[in-house]
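Here are a few quick notes on this one, point by point. Have a look at the picture before you read on.

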Amino acid sequence: MRIDETHRKWFIGSLAALLVAAAIYVPYSRNTPQGANGGTAAGLTYGSIASALMLFAGLLGARKKVPIWRVGRAQAWMRGHLWLGFLSFPLILFHSGFHFGVGLTNALMWLFVVVLVSGIVGAILQHCMPRLTTQRIPLETIYEQIGSVRLQLVAEAEVVVEEASSALAGSVSQATEQQRAAAASAGTMGGLTVASGLQVDEGASAQLQEFFRREMQPYIAQGGANGKALADRNQSQAMFQQLRLLLPPTLHSAVDDLENICEEKRELDQQTQYHRILHAWLLVHIPASYALLLLGAVHAVMALRY
Amino acid sequence: MARRVRTTKNLAQRMDLQYFKQPHPFRTWRLWLSIVVPVIAVGWFAAERASSQKILSSGPLSTAHAVLGKKCDVCHVTTLGVFRAKVSDDACLKCHDAPAHHSDKVTFTVSCGFCHVEHEGSLRLANTDDASCTQCHADLRTRSGNPQYVRVVRDFDKEHPEFAALRPGMRDPGEIKLNHYAHLRPTLAGPAGPVQMDCQDCHRLALTDVSWPYAAPQPTSRSTSQSASQSMSPGVTADTGGDSKHTHSHDYMLPILYVDQCAGCHVKDLQFDKRFDEAAPHDKPEVVQAFLIQKYSEYFEAHPGALSEAVAPERILPGSMKLPLPVPHSRQEWMDQQVMLADRLLFDKGCKLCHVMLAGNGPLPMVAKSSIPARWFLHAEFDHDCHRLLTCTACHDRTPESRETADILLPGITSCRNCHEDSGPRHDAASGRCSECHSYHDWTKERPTKGKFTIPQLRAGK
């Protein structure tokens, strides 16, 4: 979620609430003989409000699980999660009198720090990364579909290689329309003299298939670079340039297709990396939040009971 | 390389629309972590809770109570087997049985924990917050309705009254004639020539064992009340009026003793007859009188021609007796005359140099009580040792010019405010908290407590 003008009301509201809470805290802290702490009426009030805000922030997960709930727009919930969750931290500091305590309270405070920091990191990433992803990965797909798309790319590449190999092997019937049309002309392409019509070149066919089998297919079929030369854009360009020299110009469009497929694979890999960066914080934020809510409830029960 | 055209339709068609139903490593990890982490957190709490109550602690203990860190129920008394967060006063009184502050006068008494807040780290629990005091002293009310102290004291910086001893109309109650100005002059006559005295030559802290620099204490005659004269000058107020714990510390100046501080120079003022090397004892007139009778009696026995000895002119104090002196004809007449001459010299001159002499019930005068306050702050404490980096006159600035005993040389509150501020260490200043000088409890009335725990009871779970 981008933090833009639509957050202004939430920001101002949260800031105002923080200022009011701080304005109350200063005289409360100064005039309380034993210093501000969670056991006073004001301390309990701060703690209760902060707990309510934390609970609301935690309900975002439930809201996402049941999107058909008519309890406000998801974006409003997200903004509330962001700002009210952020506001709950200073309120908890007011509740505790800026002490981290020991034992359970200490664990709670550090859990809260983890939740807060991971949340801030997440908010920054969610603000910046989507735009970066859109700019750098034009063919971005659904993250969970990347494996499936990779297999489709392999299938597409196999078809391209099969058609080109067939043409090189003399099986015109299996050549594409484009290849057959090109066969009717002759001349120069790219400074090279090309022969008229499709010429049978079984050696080139074998080399193309060898390249596909040894380099391209393993690279596309699996996620990540896996030490393959095709993962590097410069090396990939050099390899495909050599392939163009090997193949007649009529098959250069097939080489372009193969190169495009490799480029798309590289983008998918990059998307995978971005996705991990964009969502890894959730592996910290969500479990820590649940632990915080659970131990917070224990703390509330213990504090009120004793 | 020409880029292949991928239409939105192309891209959409390659999607598996049921993808969200399939397991995915990221979602799987998130799910499991969301279960495992809270379970570990609650498990940790349960395990800690089973072994001790420390998990419920709100903060580290003060240094003095750190030894109880593993035995919460020493203070958090278990009632009917239930651990309680609130500490009752009874738990504190097990070890600290001090009476409350003016409990007979104030309208309410707070619990121990109200002022002494534990679990705040290594703090001195006695350093209570000012608000503990100002909750009453900001507008003091007593059962009688008329507090004997200043009604409104909110802070040290602005609303603390001047010290009681320095308020208008107050004077030093001391009856010892002492001229500080004269004693601090550079030309003061010492036993072996001029001396320049320093404050610390006479005013010393307890346990200081430094001999007087100008002359060794003179051997003066000691008699039956020797112990009394040794402990203090007659009439010095011995009661420090405060915490008995501090009377043996370096907090307060020791009372000035004639034997230690004065005799070095002033022993000559107790010389009563050149025929004796010994000076009269610094003691009550009755003791002095008995000493003189004994001395002259011994002299008469040792000198059969004493009756015919002429009286030395320096022994006759003009105006104090009829002249010429009659000639003694018997031992008794001689004794009476010698003792009378010595009495006049001592009681009308030597003693009067420093003491106020009053008419007694009999023939002998009485020495007025010296009444030197050993402590000027009767409701506050002061630690001279903590201020040792300062010169004496940095605070007692009127002392070098003081000529009268009645001058109160106690520094005023303005002097303290030069260094002490309410904000204290936060503003690079000495603390101005109430507890810096005032003690809530009257520790002179502390009741003895008996130990109630064994070492295992305190250290179990170590």
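1. Two residues count as in contact if their C-beta atoms, placed from the backbone, lie within 7 Å. On that basis, the contact between the chains takes 36 residues from chain A and 39 residues from chain B. Bear in mind that this is a predicted model, where local features need pLDDT of at least 70, side-chain atom pairs count only at pLDDT 80 or more, and totals for chains, interfaces and linings use all residues. Residues are numbered from 1 along each chain as its sequence is written, with chains lettered from A and ligands numbered from 1 in the order in which they are written.

2. On the side of chain A that touches chain B, α4 (103-136), α5 (146-168) and α9 (252-305) each supply at least two residues; helices here are DSSP runs of H or I, at least four residues long, numbered from the N terminus. The most comes from α9(A), with 16 residues.

3. Now for a helix pair within chain A: α3(A) (residues 74-96) packs against α4(A) at an angle of about 155°, their axes 11 Å apart. The axes are lines fitted to C-alpha atoms over the stretch in contact, and angles run from 0 to 180 degrees between N-to-C directions. That makes the two roughly antiparallel (over 145 degrees).

4. Over in chain B, B:S402 sits in the loop between α12 (392-395) and α13 (413-417). B:S402 is buried, because 20 other C-beta atoms lie within 10 Å (20 or more is the cut-off). Its contacts, leaving out residues up to four places away in sequence, are B:H180, B:Y181, B:D407 and B:L409. B:Y181 is 221 residues from B:S402 in sequence, yet 5.4 Å away in space, C-alpha to C-alpha.

Conventions
Angles under 35 degrees count as roughly parallel, over 145 as roughly antiparallel, 65 to 115 as roughly perpendicular and the rest as oblique. A residue is buried if 20 or more other C-beta atoms lie within 10 Å of its own, exposed if 12 or fewer, and partly exposed in between; C-beta atoms are placed from the backbone.
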